[in-house]
Amino acid sequence: MWIKHSFFKYVTAAILILVLYYFLEKLELLEPFKTIFGTLFYPLLIAGFLFYILRPVVHLISKVRFIPVPFAILIVFVFIGGLLYMGVWLLADTVQKQMNDLSKMPEEMKQTAEEAGQKLKENDMGVISGASIQQRMTEYFGGITQQIGEHMMSVFSTIAGATTVLIIVPFVLFFFLKDGHRLIPFLKRALPEKHQPRGVKVLQDLDYTVSSYIIGQVTIAAVDGVLTYIGYLIIGIDYALILGLFVTLTCAIPFVGPVIGAIPAIVVALMQEPSLAIYVIITFIVVQQLESNLVAPFVFGERLNIHPLTVILLLVVAAPLYGVVGMIIAVPTYSVLKVLLKHGYDFYQLYHST
């Protein structure tokens, strides 16, 4: 009887919350909160991501005698700044040159299409309308150029927003690293004293799950990027550095990220020499085999224990809802919810046991 009473109590509370949300949405009273959330979401997301990567390093440095945590954080920041400066100094010319060359690719593709259309026109033997193909290809690539011009303002707006986020992130990250260890003790105080050990165990499991995923995925992305870059250098494809960096970024998305990262390389290979596309695909397969059989088992082991089909379904749902960001955070969010559900009964007992 008590169980039924509790069940209907929670169902009633959930319905009331949904009704309240509906009316607040209709009255547009939630807009200020949405603006606040939208403004803080990306700085907090990026800072949280970096927090899990840098926390072990800060913890290790702070173990040295006479080095307090704030000073350890500053040492890490200075080291990262030095690495970025060295990277820019060593690679800036190469990256800039390759980016300039890549920016000319749409025009080159348009020219190639016109030449192909002209050859078809000369040799179509009345079967294919070369003029029609040429016209359509010209219109298509001309449209790409026009769209780029039309969206330049939105590009500049996005860059400005990203710059603002990058200015805020270091400050948020500093306090995350400095005071992050206080979060679990703070949340523990909300629990009855006799249940605090179990509550701390649940929170530690959540922290471990997110940390394992982020560190593991970053490691895999870095390894994939380096291996892909080496492979591209071996096969002699143009823009190897930019394409390798692109693979590193896209590998933040599990499963589909490497495929997305390989597409630009295939396009570049087809423009450079069509047979190179085969070598790009071979490079992609070799890198993925090395990742699946050597890197991923070593990095993740059985810590997340998520079936590949589950990951694919999560990405399929997250992509149309929240785009790239949704695909990146879908798996860790699912992992957190999985831990919460696993310990749901424990939480229920913490608040309702006598």
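A crossing of two helices is left-handed if the near helix is turned anticlockwise from the far one by less than a right angle, and right-handed if clockwise. By this rule, α8 passes α9 in a right-handed crossing. The model is predicted: local features need pLDDT of at least 70, side-chain atom pairs count only at pLDDT 80 or more, and totals for chains, interfaces and linings use all residues. Residues are numbered from 1 along each chain as its sequence is written, and side-chain values use heavy atoms, with hydrogens and water left out.

The chain holds 13 helices and zero strands. Helices (H or I, at least four residues) and strands (E, at least two) are DSSP runs, numbered from the N terminus. Along the sequence the pattern reads α-α-α-α-α-α-α-α-α-α-α-α-α. Of the 354 residues in the chain, 27% are buried. Buried means under 20% relative accessible area, exposed means over 50%, and partly exposed lies in between (1.4 Å probe, protein chains only). Contact means heavy atoms within 4.5 Å. Among contacts between residues at least 6 apart in sequence, 71% join residues at least 24 apart.

Helix α8 spans residues 196–235, and helix α9 spans residues 240–250. Their axes come within 8 Å and cross at roughly 155°. Axes are lines fitted to C-alpha atoms, for helices over the stretch in contact, and angles run from 0 to 180 degrees between N-to-C directions. Angles under 35 degrees count as roughly parallel, over 145 as roughly antiparallel, 65 to 115 as roughly perpendicular and the rest as oblique. α8 and α9 are therefore roughly antiparallel to each other. On the α8 side, the contact is made by Ala-221, Ala-222, Asp-224, Gly-225, Thr-228, Tyr-229, Tyr-232 and Leu-233. These meet Ala-240, Leu-241, Leu-243, Gly-244, Val-247 and Thr-248 of α9. The residues of this contact comprise nine nonpolar, four polar and one charged. Here Ala, Val, Leu, Ile, Met, Phe, Trp, Tyr, Cys and Pro count as nonpolar, Asp, Glu, Lys and Arg as charged, and the others, Gly among them, as polar.

Tyr-239 sits in the loop between α8 and α9. Its relative accessible area is 13%, so Tyr-239 is buried. Most residues other than glycine have a negative phi. Tyr-239 is not a glycine, yet has a positive phi of about 60°.

The next pairing joins α9 to helix α10, residues 256–272. The two axes come within 7 Å and cross at roughly 160°. That makes α9 roughly antiparallel to α10. Their crossing is right-handed. Leu-243, Phe-246, Val-247 and Thr-250 of α9 make the contact with Gly-257, Ile-260, Gly-261, Pro-264, Ala-265 and Val-268 of α10. Seven residues of the contact are nonpolar, three are polar and none is charged.

Helix α8 also packs against α12. The axes of α8 and α12 come within 9 Å and cross at roughly 160°. That makes α8 roughly antiparallel to α12. α8 passes α12 in a right-handed crossing. From α8, Val-202, Asp-205, Leu-206, Thr-209, Val-210 and Tyr-213 take part. From α12, Ile-328, Val-331, Pro-332, Ser-335, Val-336, Val-339 and Leu-340 meet them. By class, the contact has ten nonpolar, two polar and one charged residues.

Thr-333 belongs to helix α12, residues 308–342. At 39% relative accessibility, Thr-333 is partly exposed. A polar atom of its side chain lies 2.6 Å from the backbone oxygen of Ile-329. Thr-333 and Thr-209 are 124 residues apart in sequence, and their C-alpha atoms are 9.9 Å apart in space.

Two further residues lie in α8. Ser-211 is in this helix. With 11% relative accessibility, Ser-211 counts as buried. Leaving aside neighbours within four places in sequence, Ser-211 is in contact with Tyr-52 and Arg-55. Thr-219 is also placed in α8. Its relative accessible area is 32%, so Thr-219 is partly exposed.

Arg-189 lies in the loop between α7 (183–188) and α8. At 59% relative accessibility, Arg-189 is exposed. Arg-189 and Gly-199 are ten residues apart along the chain, and 9.9 Å separates their C-alpha atoms.

How values were computed. Polar contact = N/O pair within 3.5 Å; in protein donor to acceptor, adjacent residues only side chain to side chain.
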